[in-house]
Amino acid sequence: MTRLVRSAAWAAGALVAGCSLAACGAESAPRPTGDSSTAPEPAEIDYRDGAYDATGWYGSLPSHHEVTLTIEEDVVTEVSITTPAEDPVSLQHQQAFADALPGEIVGQRIDDIALDRLAGASGCSEGFMNALAEIKAQARA
C-alpha cells in the first residue's frame, strides 16, 4: 500500500472506532427529560418563623451581645443587638457594629450569613456569629 492509502485506511478505521465508542457512550448516558428551561424547585424552609433571642460571647474579657433576630421563610427581616460594653473603646466598636449589622443581614437568607469583620470589629462579628448559631438551633424546624 502506498503511504497515502495507508493514511486514509488508518483515518477511516479511527473514524469507525470513534463512532462506535461514541455510540456506546450515547447509549449509556442518561438523556434529559422535560423542559430544560424549567426553574429549580424552591429550597425547603429550614427554620420556623419568629423572633429569637441569644447571647453571643466573644473575646478574652469576655464580651457579649444580646441579639434578637426575626426570621420569615428563612430570611432575616429584623435584627437588634445590645452594646453593653463599659470600656469606651469596646463600646465604640460595639456601636459601630450594631449600626452596620442590619444593612448586612436584613433581607439575607439565614444560612447565607457569614461575618468575620464588620465596621472594623472582628470580635463583635465573632459574638454575633455565636448568637446566630444559637438562634439557628432554636429555630430549626
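Predicted model: local features only at pLDDT ≥ 70, side-chain atom pairs only at ≥ 80, totals over all residues.
Trainee: Which two side chains meet in a salt bridge at 3.1 Å, N to O?

Mentor: Start with the general idea: side chains of opposite charge can pair when their charged atoms come close. The rule used here is a side-chain nitrogen of Lys or Arg within 4 Å of a carboxyl oxygen of Asp or Glu. In this structure, Asp-111 and Lys-136 form such a pair, with N and O 3.1 Å apart.

Residues are numbered from 1 along each chain as its sequence is written, and side-chain values use heavy atoms, leaving out hydrogens and water.

Trainee: How many salt bridges does a search of the whole structure find?

Mentor: Two. The other partners are Arg-109 and Asp-74, whose closest N and O atoms are 3.6 Å apart. Arg-109 is in the loop between H2 and H3 and Asp-74 in the loop between E2 and E3, so this pair connects parts that are 35 residues apart in sequence.

Trainee: Is Asp-74 buried or exposed?

Mentor: We judge that by relative accessible area: under 20% is buried, over 50% is exposed, and in between is partly exposed (1.4 Å probe, protein chains only). Asp-74 has 1% relative accessibility, so Asp-74 counts as buried. Arg-109, at 31%, is partly exposed, and Asp-111, at 37%, is partly exposed too. Over the whole protein, buried residues make up 24% of the 141 residues.

Trainee: You keep saying H and E. How many helices and strands are there in the protein?

Mentor: Three helices and three strands. They are DSSP runs numbered from the N terminus: helices are H or I over at least four residues, and strands are E over at least two. Along the sequence the pattern reads α-β-β-β-α-α.

Trainee: What is the order of the strands in the sheet?

Mentor: In general, strands of a sheet pair through backbone hydrogen bonds, either parallel or antiparallel. Two strands are counted as paired if DSSP finds at least two bridges between them. Here the three strands make an open sheet in the order E1-E2-E3, with antiparallel pairing. E1 (50-58) and E3 (75-81) are the edge strands, each pairing on one side only. Neighbouring strands are turned by 25° against each other on average, direction ignored.

Trainee: How many bridges join E1 and E2?

Mentor: Nine. One example to find on screen is Ala-51, whose bridge partner in E2 is Thr-70. E1 and E2 form a hairpin with four residues between them, and Gly-59 in the turn has a positive phi of about 75°.

Trainee: Which residues touch the most other members of the largest nonpolar core?

Mentor: A nonpolar core is a set of buried Ala, Val, Leu, Ile, Met, Phe, Trp, Tyr and Cys residues joined through side-chain atoms within 4.5 Å. The largest has 25 residues, and Leu-69, Phe-97, Leu-101, Ile-105, Leu-115 and Phe-128 touch the most other members. H3 gives the most to this core, with six residues.

Trainee: How many aromatic pairs does the structure hold?

Mentor: One. Rings of Phe, Tyr and Trp (its six-membered ring) pair if their centres lie within 6.5 Å; planes under 30 degrees apart count as stacked, over 60 as edge-to-face and the rest as tilted. The ring centres of Phe-97 and Phe-128 are 6.3 Å apart with planes at 55°, so the pair is tilted. Phe-97 comes from helix H2 and Phe-128 from helix H3, 31 residues apart. Both Phe-97 and Phe-128 are buried, and Leu-115 touches both of them.

Note on methods
Axes fitted to C-alpha atoms, helices over the stretch in contact; angles between N-to-C directions. Contact = heavy atoms within 4.5 Å. Lists of a residue's contacts leave out its neighbours within four places in sequence.
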